[in-house]
Amino acid sequence: MGLLILRRLAFMLLTLVGMSLFIFLVTHVVPQDPARLVAGDYATRATLEKVRRDLGLDRPLWEQYYLYMRALVRGDLGRSFMSNKPVLREILTFLPATIELSLASVVFSLVLGIGLGVLSAVHCGRVIDHLSRVISVAGAAMPIFWYGLMLQLVFYRRLGWLPVGGRLGPGVPAPPSITGFYTVDALLAGHWTTAWNAVVHLILPGLSLSFLTVAILARITRSSMLESLSQDYVRTARSKGLPERRVVMVHALRNASLPIVTVFGLRLGAVFAGAVLTEAVFAWPGIGTYAYKAIEFSDFPVIIGFAVIASMLYAMVNLFTDLVSFALDPRLKR
Amino acid sequence: MRRWVTVLGALVAGLGLLTAWPAAIGAPARDTFNFATITKVASLDPHRITSGWDQYLLAYVYDVLVGRKRGSSEPEPRLAVSWRVSPNAKVYTVRLRQGVKFHDGSDFTAEAVKFSIERAQHFKVGAGWVLEDVERFEIVDPFTVRFTLKQPNALFLSWLDSLFIVSPSHVKKNERRPGDYAADWYADNANGTGPYRVTQRIPGDKVFLEKYEGYWGGWQAKHFRRIVQWEISEATTQRLMLERGELDAIRLFSSDDVRAMKRNPDLVIHETPSTNQFYIRLNMAAGPTTDARVRKALAYAFDYRLFYQIEDAFGPSDGPCVSEFMGGWKPSGLINELNMARARQLLQEAGVGPFRMTFLYPTGVEWERRAAEIWQSNLRQLGIILDIRTQTWPTMFAKLVAWKDTRDPATMENSYGQLWGVRYADAHAYLNFMYRSDAIGGAGRNMMYYNNPEVDRLIDQATWLPSLKARIEVYKKVCQMIADEAPDIFVGRVMMRLPMRKDVRGFYFDKLDWRIPFHHMWRE
């Protein structure tokens, strides 16, 4: 197992180098002049030249990449052209908001997706099964931002039950930063109202981000459960007189969970990507909006830094998924 | 028994939720003005910001030496109380206000001005352009400073409206390394002499401002105590939050949104023409648009009225520059209505047959796309095929600038969309940056290669004239020459609009920029 993890980590390193090179080339080959954006509309040619020199944009491409990688080895992702602040520090500022949102979405996805899939399989061919399949198709068919807007219209505008903008309501101060997760930080600081406010602010964006995953998980859970429920060991469990809930949730679901875990692992990366749209719709100050702004501004260090961190997270999620799969089915280790 | 415990637990949790729920979406405090901006704040550093939106916020945190009177380009004392300009407009002696304190309690003196100049010159970017002409700066006494310029520049006072003043002691105290001018600290924090101080910035989310009791301009009783700027990039979200009262004003909305909001009795839409204009710039260096008759034909083929109907944030253009800076004057012969017969006639006179041309606009700017589509349908009737293309602004900008050197037919663009606003209140801010030959690939937006030595000479001449009246006379000549040559299609002038909650009082548009005058506003 240890060797396997080491091998995966080495592969992850290679992926990161490849990814950084690819993004570096893509961002630098496209004709763009970030110096103009940094210097402003009124900057003279002399100022523009100075800014290009300061940003290192006047050097040959290979030298820029070499310098970038040399700094990267030391954990330095460079400085943002936009804000002039270290990229790593900025990413660490924005990342917790995205992770918190993604985790909320994961909770919704697991509860709703697996729940619907199990119900659908257990009540196969009945109303609840049809309903679940409709939800699955609808979840996969519509874009994330559409769900976001619909949720806003219903739960914020029409009913007034849930908030839409940002991580906290107006007039609610941010808790002292420890982990960067407002829910956790507020609890640690004993600010119960703030914690509650943060939780409520997670509901609509979290739901919106989870729709597609819910749809996919519900379908995969349903088919996997149907297969499991028809196996001999389920019949044996029932004939032993075990309660139906135990038969379904322990015997059938556990054996059906391997494809669910694999698909869910793949979806986690997509959740991260989907966060960009959700963050825009719900004014969520996460890494998605930060990266989007960087692309708009040709902020090369931020774009590459974001790609490196995102690939790293994606690779780690994949590794974690594999480890869970091994735990569920030790035969896979072979 | 277990079931009853579960039911009871659920009831208690439900009641808890019901009592805590309203707090999550409650209305903001009445002494707080919440508004959503149009872009993300990149930095709060007064000497590094390049976005006008950031500048409008910082204008109430920092102060400048010389501002301008409300709705006018006439200079107004701010941290300066008076000034003397030498007859050749090269030496500016400025007397400073006494008794002004920065938010941290440090004193404002001539040293602060000197230090702010050094800091802006060190970064070069942002407000650095203001000081391009400064040859020497001297402190005459603790409350008098003198600028000596490299060349006569009658506009220098209006340029000073972009130079914010910082406290030297505070900057030095917050430096990470000696001489770094506390760039890191000032990116997220602020310390000025303006009516509000920054209490917190949550990057990508909000900036919190609080009333500065020691503001030198003084306070009347009921103004907003706190200002919160939200960064919300989705127009629908901004509108929903405004309608529910979580926000007091929003910056991002479509024409459809405005029409709907006008029907809402709780809202008011403030509007007035801005100094921003939209131009379709035509290639003056290559292709069919080098012929003035073709350019005019293309201008006659644009349906201005239809565009204003679809995009009601636009009204008729004043030509190369807005009339407010020209004493109300507009050039004659401006093309501002559809006339297909005249367009055909001009093309015939030019001997130009059917041709293909391109129009480039920045990705995401939907009203530019719509303008191009309106134009495209009319051009088709003239046998001209318009290829509408889009690229991100940085890519588009780099491409147009690079073409001036390569002149490669394969990468040539025939036209592109340009929105231009001004940072200082003078016609020079249009003419110098849009039409001067220096601005080809340099400062400004002369990216369709307009080059007229006489226009260059007149713009230079105007820069040296201390009298505004005399300058306007020169500007008139320049504008008329440009209008006659028709290097652009002067599509329209942007309306400034700001949807706001009706109970907010004291708001006014300054006409010349998009600031929200927080320190004059209150809630009824």
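S80(A) sits in the loop that runs between α4 (61–73) and α5 (87–122) of chain A. Keep in mind that this is a predicted model. Is S80(A) buried or exposed? With a relative accessibility of 2%, S80(A) counts as buried, because the cut-off for that label is under 20%.

What does S80(A) touch? Setting aside neighbours within four places in sequence, S80(A) is in contact with K85(A), V87(A), E90(A), D299(A) and V302(A).

K85(A) forms a salt bridge with D188(B), and their closest N and O atoms are 2.5 Å apart. Across the interface of chain B and chain A, the rule finds four salt bridges, and the count of residue pairs in polar contact, both at pLDDT 80 or more, is nine.

On the chain B side, at least two residues each come from α1 (2–24), α6 (183–188), β8 (196–202), β10 (226–231), α7 (235–243) and α13 (393–406). Of these, α7(B) gives the largest share, six residues.

| Residue type, chain B side | Count |
|---|---|
| Nonpolar | 28 residues |
| Polar | 19 residues |

As for the interface overall, 66 residues of chain B are in contact with 57 residues of chain A. The two chains bury about 5000 Å² between them, and carbon and sulfur atoms give 59% of that area.

Definitions and conventions: Residues numbered from 1 in each chain as written. Chains lettered and ligands numbered in written order. Predicted model: local features only at pLDDT ≥ 70, side-chain atom pairs only at ≥ 80, totals over all residues. Heavy atoms only, no water. Contact = heavy atoms within 4.5 Å. Buried area = accessible area lost by both parts, 1.4 Å probe. Salt bridge = Lys/Arg side-chain N within 4 Å of Asp/Glu carboxyl O. Polar contact = N/O pair within 3.5 Å; in protein donor to acceptor, adjacent residues only side chain to side chain. Helix = DSSP H or I, 4+ residues; strand = E, 2+ residues; numbered from the N terminus. Nonpolar A, V, L, I, M, F, W, Y, C, P; charged D, E, K, R; others polar. Buried < 20%, exposed > 50% of the residue type's maximum accessible area, 1.4 Å probe, protein only.
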